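This report is meant for a reader who is meeting the structure for the first time. Please look over the sequence and the model before reading on.

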Amino acid sequence: MNEVKTIENRWDILYHDYPEVYDRFAKVKKKHGITEVLLEMFSLREKKVADVGSGTGLSTFNLAKYAQHVIGIEPEDSMRDLAVKNAKKRHIENVEFRKGTAENMPLNDDSVDVVVAVTAASLYKRGT
Ligand SMILES: C[S@@+](CC[C@H](N)C(=O)[O-])C[C@H]1O[C@@H](n2cnc3c(N)ncnc32)[C@H](O)[C@@H]1O
């Protein structure tokens, strides 16, 4: 009998080996995104934003519609590579992607105005 393989709840495998699958899954339209919730509270105009756990860039691109510049920070090379490709394809120029984690952010002190984590915070290591 064939063993049914599943990656249920193994987001690390999805991010590492199947970034295109994640990208398709995450593109499903949400009624009210995190960026829109943020915008109800304050303006991102002329702000430099860090998007921690930027994945394939979906949250980064959305933030980039309103902010001056957005730095996506993402540990998984496969996710980050797809984000860079997506940005080029969509001609989005006010974004960049850096390798890093929430625990060790590749940012100089005072170099951004706002730090956001869109559906990524639960993945951070506890106690670090
Ligand atoms: C659910 S995805 C969200 C991607 C993107 N923010 C979006 O809205 O489409 C979570 C991302 O967080 C990344 N991640 C996992 N652990 C992390 C950590 N410790 N610091 C920063 N990002 C992390 C994962 O590799 C994954 O790409």
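The sections below go from the overall fold to the ligand and then to single residues.

## Overall fold

The model shown here is predicted. The protein contains 5 helices and 4 strands, and these elements follow one another along the sequence in the pattern α-α-α-β-α-β-α-β-β.

Of the 128 residues in the protein, 38% are buried, while the accessible surface amounts to about 9,100 Å², with 51% of that area belonging to carbon and sulfur atoms. When the contacts with a separation of 6 or more are considered, 63% of them are between residues 24 or more positions apart.

## The buried side of helix 2

Helix 2 spans residues 19-26, and its buried residues are Pro 19, Tyr 22, Asp 23 and Ala 26. These residues lie on the same side of helix 2, because the arc they cover around the axis is only 100 degrees.

## Around the ligand

There are 20 residues around the ligand, and those that come nearest are Tyr 22, Gly 53, Ser 59, Glu 74 and Ala 102. Sorted by class, this shell consists of 11 nonpolar, 6 polar and 3 charged residues. Tyr 22, one of the nearest residues, also belongs to the buried set of helix 2.

Glu 103 takes part through its side chain, in which an N or O atom is 3.0 Å from a ligand nitrogen. On its own the ligand has 600 Å² of accessible area, and the protein covers 90% of it.

Ala 64 is found in helix 4 and counts as buried, because its relative accessible area of 9% is under the 20% limit. Beyond its neighbours within four places in sequence, Ala 64 is in contact with Val 70, Ile 92, Asn 94 and Val 95. With Val 95 the separation is 31 residues in sequence, but 6.8 Å in space from C-alpha to C-alpha.

Val 116 is part of strand 4 (residues 114-116), and this residue is also buried, with a relative accessible area of 9%. Setting aside neighbours within four places in sequence, Val 116 is in contact with Leu 38, Val 49, Ala 50, Asp 51, Val 52 and Leu 63. Val 116 and Ser 59 are 57 residues apart in sequence, and their C-alpha atoms are 9.5 Å apart in space.

## Positive phi angles in two loops

His 91 sits in the loop between helix 5 and strand 3 (95-99), and its phi is near 55 degrees, a positive value in a residue other than glycine. His 91 is exposed, with a relative accessible area of 67%.

Asp 110 lies in the loop between strand 3 and strand 4, where it has a positive phi of about 60 degrees although it is not a glycine. Is Asp 110 buried or exposed? With a relative accessibility of 80%, Asp 110 counts as exposed.

Notes. Residues numbered from 1 in each chain as written. Predicted model: local features only at pLDDT ≥ 70, side-chain atom pairs only at ≥ 80, totals over all residues. Heavy atoms only, no water. Buried < 20%, exposed > 50% of the residue type's maximum accessible area, 1.4 Å probe, protein only. Arc of directions from axis to C-beta. Near = heavy atom within 4 Å. Polar contact = N/O pair within 3.5 Å; in protein donor to acceptor, adjacent residues only side chain to side chain. Areas by Shrake-Rupley, 256 points an atom, 1.4 Å probe, with all protein chains shown as cover. Nonpolar A, V, L, I, M, F, W, Y, C, P; charged D, E, K, R; others polar. Contact = heavy atoms within 4.5 Å.
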